[in-house]
Amino acid sequence: MPYTDISLELKGHVPVEPVNVVVVTSVGEEWLRRIAAVSPRIRVTDASELFRAERKENFGSKERFDAALAEAEVIYGSGFPRNCYSRAPGLKWFQSMRAGVDKFVDDEFRRSSLIMTTASGIHAVPMAEHVLMMMLMFAKEAPGCFELKR
């Protein structure tokens, strides 16, 4: 079911303007579709190739990337575009695929109203499961069993 802001529905107003999400890291077509499926208001732009080119100092697509950033309200990815505040004046939210965003937090960020969220904690359960599996493996002497199988 698509997400709808219930507080706006209760006030009798459901916004119709699109929310422009610019994805700057390659996530694949399936994930782009999943992001877009959250709400009919979401318009997803895959700018991962443009961002990758810029990071490699290839500025041949800078105008196309600037146009995508100029429309961005949300940026999703593992990196933050250069001069993002001036290139994306309507940016409200940066969702990092990384846990740490310290290198993105600078004076310009502190002065802005940009919301920055991270993927911190996303791997906590799989890591805990792996540690438990390894503990059980050694407690039950699995390496010795593996050696006997040879």
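Figure 1. A crossover is right-handed if, with the strands pointing away from the viewer, the path from the first strand over the helix to the second runs clockwise. In this predicted model, local features need pLDDT of at least 70 and side-chain atom pairs count only at pLDDT 80 or more, whereas totals for chains, interfaces and linings use all residues. Residues are numbered from 1 along each chain as its sequence is written, and side-chain values use heavy atoms, with hydrogens and water left out. Helices (H or I, at least four residues) and strands (E, at least two) are DSSP runs, numbered from the N terminus. Strand E1, helix H2 (residues 29-37) and strand E2 together make a right-handed β-α-β unit.

Figure 2. Two strands are said to pair if DSSP finds at least two bridges between them. By this criterion, 5 strands form an open sheet with parallel pairing, in the order E2-E1-E3-E4-E5. E2 and strand E5 (115-117) each have a single partner strand and stand at the edges, so one side of each is left without a neighbour in the sheet. On average, neighbouring strands of this sheet are turned by 20° against each other, direction ignored, the axes being lines fitted to C-alpha atoms (for helices, over the stretch in contact) and angles running from 0 to 180 degrees between N-to-C directions.

**Figure 3. Strand E1 and its two partners.** E1 (residues 19-23) is mostly covered, with 5 of its 5 residues buried, where buried means under 20% relative accessible area, exposed over 50%, and partly exposed in between (1.4 Å probe, protein chains only). Val 19, Val 21 and Val 23 are buried on one side of the strand, and Asn 20 and Val 22 are buried on the other. E1 pairs with E2 (residues 42-46) in the parallel sense over 5 bridges, and Val 19 stands opposite Ile 42 of that strand. With E3 (residues 74-77), E1 pairs in the parallel sense over 3 bridges; here Val 21 stands opposite Val 74, while Tyr 76 is the bridge partner of Val 23.

**Figure 4. Two nonpolar cores.** A nonpolar core is a set of buried Ala, Val, Leu, Ile, Met, Phe, Trp, Tyr and Cys residues joined through side-chain atoms within 4.5 Å. The largest such core has 17 residues, of which Phe 65, Ile 75, Phe 80, Leu 91 and Leu 114 touch the most other members. Helices H3 (48-55), H4 (62-71) and H5 (84-87) are the elements that give two or more residues to this core. Apart from it lies another core, of 8 residues, among them Val 21, Ile 35, Ile 42 and Val 74.

**Figure 5. Surroundings of Thr 25.** Thr 25 is found in the loop between E1 and H2 and counts as buried at 16% relative accessibility. A polar atom of its side chain lies 2.7 Å from the backbone nitrogen of Ser 78. Leaving aside neighbours within four places in sequence, Thr 25 is in contact with Ser 48, Tyr 76, Gly 77, Ser 78, Gly 79 and Met 97, contact meaning heavy atoms within 4.5 Å.

**Figure 6. Two loop glutamates with positive phi.** Glu 57, in the loop between H3 and H4, has a positive phi of about 65° although it is not a glycine, and at 49% relative accessibility Glu 57 counts as partly exposed. Glu 141 lies in the loop between helix H7 (124-139) and helix H8 (142-149); its phi is near 55°, a positive value in a residue other than glycine, and Glu 141 is exposed, with a relative accessible area of 58%.

Notes: Polar contact = N/O pair within 3.5 Å; in protein donor to acceptor, adjacent residues only side chain to side chain.
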